[in-house]
Amino acid sequence: MDSINRFLFFLTLQKKVLFFKKNISQHTDDELLQYYVKSGKKEYFGELYNRYIPLLYGVCLKYLRDEPRAQDAVMELFEELLPKVANYEIKTFRTWVYRVVKNHCLQILRRENKEIPLDYTVHIVESDEFLHLLCEEESEEAQLEALHHCLKKLSEPQRISIRHFFMEEMSYADIVEQTGFTLNNVKSYIQNGKRNLKICIKSQLKG
């Protein structure tokens, strides 16, 4: 579906949501999600999704850095989630959809570039797991360069697992489903990858 048709589809959905709004707008996120799963009526998920469009658009704009592409990504994600959302175990929709939209944007970037731009390694730096690896005396730029360099030094399975776990906040189960790795291998790749990064980063920053 091209951008124009996708936009028209989205407008049509919003009109339907407005039509039903008096009846469904008072429901909580959890209730809307449950009603959608049980009934399959788009209006329920449309109302739920519509509540978070500003958040989703902001995330897409942050990652994609282009307004039309961010708008397209928000609409694409709605279309992708509509037939699939019932298959997920969702505890808090806001937290879940934030992670999903971030992963969606990263997948777009990966399709366009083999390497995720340096800016996105900052998500690993912000993780408590890695803060102790970095030297306070070094500039943020030096830290990011060291991390980016050391990520390239990891084996491919370690690099993939580290990125999924820390940058995309995926669970072990999500990584297994995404990569085809076994659960034990995923845990091993993350543990060994962290250790190798620690050694490499310290060496880079001291050098």
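**Reading a helical model**

Guide: Start at Arg94, which lies in helix H6. Keep in mind that this is a predicted model.

Visitor: Is Arg94 buried, partly exposed or exposed?

Guide: Read the relative accessible area. Buried means under 20% and exposed over 50%, with partly exposed in between. The value for Arg94 is 46%, so Arg94 is partly exposed.

Visitor: Which residues does Arg94 touch, leaving out those up to four places away in sequence?

Guide: Tyr52 and Leu55. Arg94 and Asp29 are 65 residues apart in sequence, yet their C-alpha atoms are 8.6 Å apart in space.

Visitor: Which residues of H6 are buried?

Guide: Among them are Trp96, Val97, Val100 and Val101. Lys102, Asn103 and His104 are buried too, as are Cys105 and Leu106.

Visitor: Now Cys60. Where is it, and is it buried or exposed?

Guide: Cys60 is placed in helix H4. Its relative accessibility is 0%, so Cys60 counts as buried. Beyond its neighbours up to four places away, Cys60 touches Arg65, Ala70, Ala73, Val74, Val101 and Cys105. Val101 and Cys105 are buried residues of H6. The C-alpha atoms of Cys60 and Gln71 are separated by 7.8 Å, at 11 residues apart along the chain.

Visitor: How do I describe two packed helices?

Guide: Give the angle between their axes and the distance between the axes. Take H3, residues 42-51, and H4, residues 53-64: their axes come within 5 Å and cross at roughly 55°. H3 and H4 are therefore oblique to each other.

Visitor: Which residues meet there?

Guide: Tyr49, Asn50 and Arg51 of H3 meet Ile53, Pro54 and Leu56 of H4. By class, this contact has four nonpolar, one polar and one charged residues.

Visitor: What should I look for in phi?

Guide: Most residues other than glycine have a negative phi. Arg65 has a positive value, with phi near 60°. Arg65 lies in the loop between H4 and helix H5, 67-81. Its relative accessibility is 54%, so Arg65 counts as exposed.

Visitor: Step back. How many helices and strands are in the protein chain?

Guide: The count is 12 helices and zero strands. Of the 207 residues, 41% are buried. The accessible surface is about 12100 Å², and carbon and sulfur atoms hold 49% of that.

Visitor: What share of contacts joins residues at least 24 apart?

Guide: Count contacts between residues at least 6 apart in sequence. In this chain, 67% of those join residues at least 24 apart.

Note on methods:
Residues are numbered from 1 along each chain as its sequence is written. This is a predicted model: local features need pLDDT of at least 70, side-chain atom pairs count only at pLDDT 80 or more; totals for chains, interfaces and linings use all residues. Side-chain values use heavy atoms; hydrogens and water are left out. Helices (H or I, at least four residues) and strands (E, at least two) are DSSP runs, numbered from the N terminus. Buried means under 20% relative accessible area, exposed over 50%, partly exposed in between (1.4 Å probe, protein chains only). Contact means heavy atoms within 4.5 Å. Accessible areas come from the Shrake-Rupley method with a 1.4 Å probe; for residues, only the protein chains shown count as cover. Axes are lines fitted to C-alpha atoms, for helices over the stretch in contact, and angles run from 0 to 180 degrees between N-to-C directions. Angles under 35 degrees count as roughly parallel, over 145 as roughly antiparallel, 65 to 115 as roughly perpendicular and the rest as oblique. Ala, Val, Leu, Ile, Met, Phe, Trp, Tyr, Cys and Pro count as nonpolar, Asp, Glu, Lys and Arg as charged, and the others, Gly among them, as polar.
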